[in-house]
Amino acid sequence: MAKQKKDNRPKAALPKGFRDIGAEELRSLTSMVATIREVCEVYGFEPLSTSAIEYTEALGKFLPDQDRPNAGVFSFQDDDEQWMSLRYDLTAPLARYVAENYDALPKPYRRYQTGSVFRNEKPGPGRFREFTQFDADTVGTDNPAADAEFCMLAPDALERLGIPRGSYRMNVNSRKVLDGVLEAAGIDPAGEADARRRLTVLRAIDKLDRLGSEGVALLLGPGRKDESGDFTEGAGLAPKAIETILGFVTIAPGERGATLERIAPLIERSARGMEGLAELARMDDLLSAGGYGADRVVVNPGVVRGLEYYTGPVFEAELTFEARAEDGTLARFGSVGGGGRYDGLVARFRGNEVPATGFSIGVSRLYAALKALGRTGEAASRGPVVVLVLDQARLPDCQRMAQSLRAESIRAEVYLGTSGLKAQMRYADKRGAPVVVIEGDEERQRGEVTLKDLIEGSRLAGGIRDHQEWKEARPAQVSVPAADLVAEVRRLLSRHG
């Protein structure tokens with residue numbers, strides 16, 4: 001019996017936690033990012049592109065809830081045995097860039113950037129190991145006006161993208177104010193002895209929206225068992241301390257001034273807490289002067305932000321509308337971006353504190369929200385005009401027609417296969433072509449071309465009963481002088497928006 005030959009072909013499979021993005025979504029994402037970029041440019045920010053690979057030590061301990069520099073990142077050793085990693089976010093590379101080019105940069109330095117970031121974490125539904133972020137940061141000033149500016153920029157970007165006022169909320173809080181609350185609860189906000197308990201408290205508060213006050217109280221106290229039976233150890237706080245923290249984070253967002261007045265008695269004995277409150281009050285003045293009322297920006301004590309390096313104001317863009325999920329249930333999208341002040345990050349490289357603040361948008365999550373609202377645009381999924389080729393000898397003429405369309409910024413391609421008319425029409429349909437151009441012998445002798453409006457033809461086809469009626473009606477088909485090709489194609493495209 002002949003030995004079966006082993007198949008050595010590689011398996012066509014995408015690694016877990018990664019995904020391919022098709023043309024329709026990619027065009028919509030590109031358009032969305034371009035809109036956000038335009039808003040950043042209007043605010044005076046400059047573009048920057050940093051390397052996707054950094055020395056692992058440059059990422060440091062500033063990874064969410066991690067103490068080891070190689071935890072949560074994809075790492076490898078270079079030929080000089082130095083450890084390198086794919087960037088975990090866009091902020092750590094910015095800190096390295098600023099430290100490396102500090103003397104040459106204007107201060108404040110204002111930049112925006114978009115790019116892929118990578119997480120070596122267990123993937124799950126909607127949780128990928130590679131995704132796109134859009135960041136904007138201001139480095140080199142401790143003025144609360146820089147923080148307030150991001151609370152203006154983010155709403156402007158959301159509204160430019162088609163998310164109406166009332167369907168989102170910009171939440172603002174302060175880590176300094178929270179430190180004051182921790183002091184009132186008997187927790188050292190800075191000391192090493194309380195570091196683990198402090199981090200447990202911050203994680204618990206960050207889950208307020210998902211778990212409610214009862215679930216957070218358990219995480220602040222003895223711990224909590226989730227629906228799967230897994231137990232999360234709590235911070236072990238006394239009931240009075242839990243009451244103090246919950247009393248702060250459950251203050252309902254409303255008019256900013258009124259919210260700040262309710263916070264003041266809880267932290268009045270903390271100098272750091274009152275300093276943070278003064279910064280929020282200053283931001284409130286600036287936001288009010290800019291016309292950003294509580295319908296767009298609120299002080300929300302429940303917003304913490306998970307990263308330990310935040311040192312002052314923190315903010316989060318939250319979508320408040322409900323959308324129908326794939327299983328048919330209604331759900332809120334929640335946070336689509338956030339950020340805050342991180343005055344200690346650049347200091348890791350320079351030794352001296354360099355104040356900084358910034359905002360990051362989760363591009364994929366925001367795209368999903370825009371899609372639910374129907375704001376991604378049908379034109380993004382429309383294919384090119386396809387020029388069919390009925391005679392390979394006439395291919396140069398077909399190329400000439402396509403070039404005349406391209407010269408007027410109309411997307412066009414020539415069918416480059418060798419199949420017949422029916423197969424070419426199927427190809428054009430699969431490409432999402434709005435119009436096909438046909439020049440047969442009869443049309444050429446008359447100096448004409450035939451245009452088929454595939455969008456209109458598809459709409460009309462539903463009312464045609466048989467093939468004879470189709471031949472007589474010839475829906476959405478027109479012959480025009482070849483000299484009028486561009487004008488007629490533009491007319492057909494315009495009537496479909």
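Predicted model: local features only at pLDDT ≥ 70, side-chain atom pairs only at ≥ 80, totals over all residues.
## A walk through some local features

At 70% relative accessibility, S409 counts as exposed, because the cut-off for that word is over 50%. To find S409, look in the loop that runs between helix α13 (395-406) and strand β15 (412-414). Its backbone also deserves a look: phi of S409 is positive, about 65 degrees, although the residue is not a glycine.

Where else does a residue other than glycine have a positive phi? E81 is such a residue, with phi near 70 degrees. E81 sits in the loop between β3 (75-77) and β4 (83-86). With a relative accessible area of 61%, E81 is exposed, because that value lies over the 50% cut-off.

Between α3 (91-100) and β5 (109-118), you will come to P108. The peptide bond that joins K107 and P108 is cis, and its omega is about 5 degrees.

Now let us turn to a glutamate in a strand. E54 belongs to β2, which covers residues 53-55. Is E54 buried or exposed? Its relative accessible area is 5%, so E54 is buried, the cut-off being under 20%. What does the side chain of E54 meet there? It makes a polar contact with the side chain of R96, at 2.8 Å. Leaving aside residues up to four places away in sequence, E54 touches L59, M84, S85, P93 and R96.

The last stop is a helix, α18, made of residues 485-494. Which residues of α18 are buried? They are L485, V486, E488, V489, L492 and L493. These residues lie on the same side of α18, because they cover an arc of only 165 degrees around the axis. On the face turned away from that buried side, you will find the exposed residues A487 and S494. What do the buried residues of α18 pack against? Their partners are the helix α13 and the strands β14 (385-387), β16 (435-438), β17 (448-453) and β18 (477-481).

Methods. Residues numbered from 1 in each chain as written. Heavy atoms only, no water. Helix = DSSP H or I, 4+ residues; strand = E, 2+ residues; numbered from the N terminus. Buried < 20%, exposed > 50% of the residue type's maximum accessible area, 1.4 Å probe, protein only. Polar contact = N/O pair within 3.5 Å; in protein donor to acceptor, adjacent residues only side chain to side chain. Contact = heavy atoms within 4.5 Å. Arc of directions from axis to C-beta.
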